[in-house]
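Please keep the sequence and the structure in view while reading.

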Amino acid sequence: MSISANRQISYAEAISEALVQGMEADADVFLFGLGVNDCKGIFGTTLEAARRFNTSRIFDVPASENALTGIAIGAALNGKHPVLVHARHDFMFLALDQMINNAAKWKYTYAGKTAVGLTIRAIIGKGWGQGPTHSQNLQSILAHFPGLTVAVPSNAYDIKGITLEALNQQKPVVIIEHRSLYDLKMAVPVDAYRIGFGRARVSRQGRDVTIVATSSMVPEALRAAYILSEFGIELEVIDPVTIQPFDEETVLHSVQKTGRLIYADGDWLNCSFASEVAARMADRAFHELKAPIKRIGWPEAPAPVSKPLEEAFHPTHKNIICAALEILDKRQINIPDVEIKDTFVGPY
């Protein structure tokens, strides 16, 4: 598959392209959720689908999250493939009963005779002071339950491939999209392609510290790696792409090479996926570790409404740099506060 470096599209445009190509390829795919066919089209991700397909395949719905998820499960069991959009990830709390007790367990309950082919888009992230009930991340909760696939793609290339893979699977898949990623561009093929679940991406090679980062923290990790490389410190940045299934072997191989691990997450750390990865590496790579594992995440408090406080609440590349210097016992190095242009390492 060739990729033209001249064709750069955004994360949001890649989602839009994947949805249109998936709906063109399969007449059983339909899209619904709050605001999917309004003038903004979920940050522009559903505008083209709304233009191309009539209201029988893309339509707005009332705020009834648990009922809508139940309807989606019923449609999937009758041969359709629904794409349910939650413009605010937090509202999925209301749908967890259907997702966990029905969608995730259906294949097991009925001995694999039937399955639920369902794709759920969940949008998270900071913005303009979202507040405590509009800023939460359910990834650790969702990854806890067998039967659910949980994807956290960080770039335009991966979000298109993961979305098309989800649309071709007879299983429930939750794709968590971070608002801050929507405008970020990179080279993406025009043709449809799929990215398999459970394959981590080594976004940058390094020798000194392994940085595992998810979603919006991947660009922050790459920024940190770029800055530290100017001081002779090389971070290896690993993007899991999916956290359920999780590619443990790629992380293990990296930790065995570097002897150090930092997990940078956009979530609270208590009972987090960061804790899960730290536990697995402590279990399997204990004798190769040269320093204690570091975890970076949110403060132990609900997200603030104030825009300045929100900025302080979310970790950035600066937190990763500090953790890397500490884990390397190089805190004496003074890293200047520099503005850098975003440069993303292509995943191909």
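P245 is placed in the loop between β12 (242–244) and α10 (248–258); helices (H or I, at least four residues) and strands (E, at least two) are DSSP runs, numbered from the N terminus. The bond that joins Q244 and P245 is a cis peptide bond, with omega at about 5°. This is a predicted model, in which local features need pLDDT of at least 70 and side-chain atom pairs count only at pLDDT 80 or more, while totals for chains, interfaces and linings use all residues. Residues are numbered from 1 along each chain as its sequence is written, and side-chain values use heavy atoms, with hydrogens and water left out.

Most peptide bonds are trans, and most residues other than glycine have a negative phi. C271, in the loop between β13 (261–268) and α11 (273–284), has a positive phi near 60°. The relative accessibility of C271 is 67%, so this residue counts as exposed; exposed means over 50% relative accessible area, buried under 20%, and partly exposed in between (1.4 Å probe, protein chains only). D329, in the segment after α13 (317–327), also has a positive phi, of about 55°. With a relative accessible area of 54%, D329 is exposed.

The largest nonpolar core has 46 residues, and M92, M99, L142 and V174 touch the most other members. Such a core is a set of buried Ala, Val, Leu, Ile, Met, Phe, Trp, Tyr and Cys residues joined through side-chain atoms within 4.5 Å. Helix α4 (residues 65–77) gives the most to this core, namely five residues. Leaving aside residues up to four places away in sequence, L142 touches H89, M92, L96, M99, L148, V150 and V174, where contact means heavy atoms within 4.5 Å. A second, separate core consists of 36 residues, among them Y11, M23, A49 and L184.

The chain as a whole contains 13 helices and 14 strands. Its radius of gyration, taken over C-alpha atoms, is 20 Å, close to the 20 Å that the globule rule (2.2 Å times the number of residues to the power 0.38) gives for 348 residues, so the chain is as compact as a globular protein of that length. Of these 348 residues, 56% count as buried. Among contacts between residues at least 6 apart in sequence, 83% join residues at least 24 apart.
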